[in-house]
Amino acid sequence: MFRGTLSQTSVYPREVVKAALKHNAAAVCFAHNHPSGVAEPSQADELLTQALKQALALVDVRTLDHFVVGTGNTISFAERGLI
């Protein structure tokens, strides 16, 4: 849904909620890559995930997981108890 630069991107919770409602979603999963190749989630990733989860909860859409993709490795927020 969003494109960024090598070091950052802007994600708008309003646009994520609009897309979920457009598709009549009951739940969502998020995914993004880290161009550095390191899949470890940043604090910004964790804060954004919580903000998106809260915004979606207002319209009864569950957040199931957020995947961070690196070189040869993928991290699941759900597996780490971050969702």
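**Exercises on salt bridges and strands**

Lys18 and Glu15 are separated by about one helical turn, because they lie three residues apart in helix 1 (residues 13-22); helices (H or I, at least four residues) and strands (E, at least two) are DSSP runs, numbered from the N terminus. This is a predicted model, in which local features need pLDDT of at least 70 and side-chain atom pairs count only at pLDDT 80 or more, while totals for chains, interfaces and linings use all residues. Residues are numbered from 1 along each chain as its sequence is written, and side-chain values use heavy atoms, with hydrogens and water left out.

**Exercise 1.** Find how many salt bridges the structure holds, and describe each pair.

*Solution.* Step one is to count: there are two salt bridges, each being a side-chain nitrogen of Lys or Arg within 4 Å of a carboxyl oxygen of Asp or Glu.

Step two is to take Lys18 and Glu15, whose closest N and O atoms are 3.5 Å apart. Lys18 has a relative accessible area of 44% and Glu15 one of 30%, so both count as partly exposed (between buried, under 20%, and exposed, over 50%, with a 1.4 Å probe and protein chains only).

Step three is to take Glu40 and Arg80, whose closest N and O atoms are 2.5 Å apart. This pair links distant parts of the chain, 40 residues apart, with Glu40 in the loop between strand 1 (27-33) and helix 2 (43-57) and Arg80 in the segment after strand 3 (73-76). Glu40 is partly exposed at 44% relative accessibility, and Arg80 is partly exposed at 40%.

**Exercise 2.** Work out which way strand 2 runs beside strand 1 and beside strand 3.

*Solution.* First, strand 1 and strand 2 (residues 62-70) run parallel and are joined by seven bridges, where pairing requires at least two DSSP bridges; His32 stands opposite Val68 in strand 2. Next, strand 2 and strand 3 run antiparallel, with four bridges between them, and Phe67 has Ser76 of strand 3 as its bridge partner. Finally, these two strands form a hairpin with two residues between them, and Gly72 in the turn has a positive phi of about 75°.
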